[in-house]
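Hi there,

Here is the structure I promised to pass on to you. Please open it and keep it beside this email as you read.

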Amino acid sequence: MGHLITVATSLNQWALDFQGNYERIIESIAIAKQRGAAMRVGPELEIPGYGCYDHFLEGDTVLHSWEVLAKILSGEDTMNILCDIGMPVVHKNVIYNCRIIIYNKQILLIRPKMWLANDGNYREMRYFTPWMKHRQWEDHYLPRIIQAVTKQTKVPFGDCVISTVDTCIGVELCEELFTPSSPHILMGLDGVEIFTNSSGSHHELRKLYTRVELIKEATLKLGGVYLYANQQGCDGDRLYYDGCAMIAMNGHIVAQGSQFSLNDVEVVTATIDIEDVRSHRTSRSRALQAATTERYHRIEVPFALSGGKFGETGGEQTPGLRLSLHEARFHRPEEEIALGPACWLWDYLRRSRTQGYFVPLSGGVDSCATAVIVYSMCRLVADAARRAEKQVIADARRIVGEPEDSGYIPSDPREFCGRIFHTCYMGTENSSVETRKRAKDLALAIGSYHVDLNMDSVVTSVVDLFSFVTGAKPRFEVHGGTGAENLALQNIQARLRMVLSYLFAQLLPWVRGRQGGLLVLGSANVDESLRGYLTKYDCSSADINPIGGISKTDLKKFIAYAQDAFDLPILRSFLDAIPTAELEPMSETYVQADEADMGMTYDELSVFGRLRKVEKCGPYSMFTKLVHEWGAILSPVEIAEKVKHFFFEHARNRHKMTTLTPAYHAVRFDLRPFLYASRFPWQFRKIDQVAAALPDRSNLGPEKAKTD
């Protein structure tokens, strides 16, 4: 029987933080050894951090990575444990994304990544070159700092596998799992029984399911043990890497780590029996394919992962396979919104070494969602503090200005929120009593330090200055003004709120007798940004934005979830309110409403956004899809007008996207021009021609329209 303890890790690495990254790697190895593991797998590019971007092109990044590896090899930490560690390597003047397999102060193999992630947020081919010599290897001559430690001059570099006394191990890197012909297929047919996957996979709403299914499928047909390690946390950009280290075996999840966590190091372990892999592989069809598979070069190491005796594993005992088989755990999208951006905000706050956050509360859903996400962060900090997580407590004490010898424990989320979170309602004569009250009640419910002010005097001063200089006094449309006057008067209110936000963010800590400043949070959602329904340099302009990648529809679901999960009954009033900017005067016959201003509902806007990005639709293909989806309730001509209106507004407001605040990535990312022929004459003409020729089925009802 070949019982062995396997380990996969999630590390909160930080781009170019070589010292901190080294310490977290060593801590993960120590935990693995303490648990009796014979093998440790870490996340992708864990030495320099995954998010170095163009820094990967700098020689310093590669040099310092070798220096860190030399320090790891020279210590006793990696003795008697097989370690899989990630860093960039220059081989024959070409930069590769590599895994370094080490054992007892020796480098066994440098395995370069063969299929690079190069879509969406990923730009790996900008820095790295894929290793295209599959099942081939070459000699790599080591730098002198490594030679001095290992006494090796050269080591194998390429697509090889590791053969131990009792099993065979193959490496697969992140994107390689997602490719149609993944390396684990041929490795498994050639006798590899344990696959490692070191990943830098970021969070997107509803993405984890795909990742888990691929890992399960990799070992279901093929048989084998799959060790998945991932980065976790914000490493300096808008992405949050969502951890969830996993161990799978023969199509089952054996162990799963947390997807969202404030811990810098998380180690997932499982005790497995390698004989179960061998019994899973007894099918004739698998054997026939394996018999004709080309061989991989095996690098032999005189080391066994299993103890050699029945039932002997050593270290801290972990639950065996019999107890560990379970279904993978998934968060609902509204839970992901509560946790992902909150963890991202915590990393940003502690690593930027600022003293807290500031949010202008409007009384609407978007700023409410931002505030509740900050409160969720405070809840996570309080939970970690109650578990005596030393790093979280130390960071919290520093952020709130407590001395190093303080006994302060941030165990109450409302109390901690009051120390680090500042909110402000900036009212004008156009603001309603209802929005002011909602903002105040929300601040009271979550415990934020709240300021309530009227800024009419500031707005009036700016308008008076314009009138003094030009001799013309602009008026709102309801008072007889033009559209240009109406828009300018709205925009000056919005932009002054941004100016005041930064003033209060800089000085509120001073007012409270503290040092430092606050980070201003934005609260523009992805749909409004896509439509351009925002004022350039208003409160959408901030330091960072936790909801900028999330749709209005998902935000409302999150607010409904948080109402019960966080015991915040005040949130119901935000969901019931009609979304309004409150930038125009109200009258008996007119109240400003967002959806009326936009010319479309938020639900329609979410559909437009999904079709444009996810399904890659231009104007015409979006129209043809919506004729089928909406044909039972709208005529082709009505659908055509909605599609044309969306693309016109998206195109003419595209310039606003160039100044958007860096936002937490949750759904969409793409590269588009910011100057368009916004009336799309060719595309719109084709839409009009087809719409005029199609029959109107909107009066038939959904079922009749689908079947005819």
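Predicted model: local features only at pLDDT ≥ 70, side-chain atom pairs only at ≥ 80, totals over all residues.

Let's start with the pair. Two packed helices are described by the angle between their axes and the distance between the axes. Here, helix α16 (residues 456–470) packs with helix α17 (residues 483–511) at an angle of about 130°, and their axes are 10 Å apart. An angle over 145 degrees would count as roughly antiparallel, and 65 to 115 as roughly perpendicular; α16 and α17 are therefore oblique to each other. The crossing of α16 past α17 is right-handed. Which residues make the contact? On the α16 side they are Val458, Val459, Val462 and Val463, and α17 brings Leu489, Ile492, Gln493 and Leu496. Of these contact residues, seven are nonpolar, one is polar and none is charged.

Next, have a look at helix α19, which covers residues 552–565. Its 14 residues reach 20 Å from the first C-alpha to the last, close to the 20 Å expected at 1.5 Å a residue. The buried residues of α19 are Lys552, Asp554, Leu555, Phe558, Ile559, Tyr561, Ala562 and Gln563. What do they pack against? Their partners are α11 (333–352), α12 (365–386), α18 (526–531), α20 (571–576) and α22 (602–613). After α19 comes Asp567, which has a positive phi, near 55°.

One of those partners, α11, is also where you will find Cys343. Is Cys343 buried or exposed? Buried means under 20% relative accessible area, so Cys343, at 1% relative accessibility, counts as buried. Setting aside neighbours within four places in sequence, Cys343 is in contact with Tyr240, Phe260, Ser261, Leu262 and Leu380.

The last stop is Ser198, in strand β10 (residues 194–199). Ser198 counts as buried because its relative accessibility is 1%. Not counting residues up to four places away in sequence, Ser198 touches Val41, Gly42, Pro43, Glu44, Asp84, Arg99, Glu172, Leu173, Cys174 and Ala229. Between the C-alpha atoms of Ser198 and Met246 there are 11 Å, with the two residues 48 residues apart along the chain.

Enjoy exploring, and write back with any questions!

Best wishes

Definitions and conventions. Residues numbered from 1 in each chain as written. Heavy atoms only, no water. Axes fitted to C-alpha atoms, helices over the stretch in contact; angles between N-to-C directions. Helix = DSSP H or I, 4+ residues; strand = E, 2+ residues; numbered from the N terminus. Parallel < 35°, antiparallel > 145°, perpendicular 65-115°, else oblique. Left-handed = near helix turned anticlockwise from the far one by under 90°. Contact = heavy atoms within 4.5 Å. Nonpolar A, V, L, I, M, F, W, Y, C, P; charged D, E, K, R; others polar. Expected span 1.5 Å × (residues − 1). Buried < 20%, exposed > 50% of the residue type's maximum accessible area, 1.4 Å probe, protein only.
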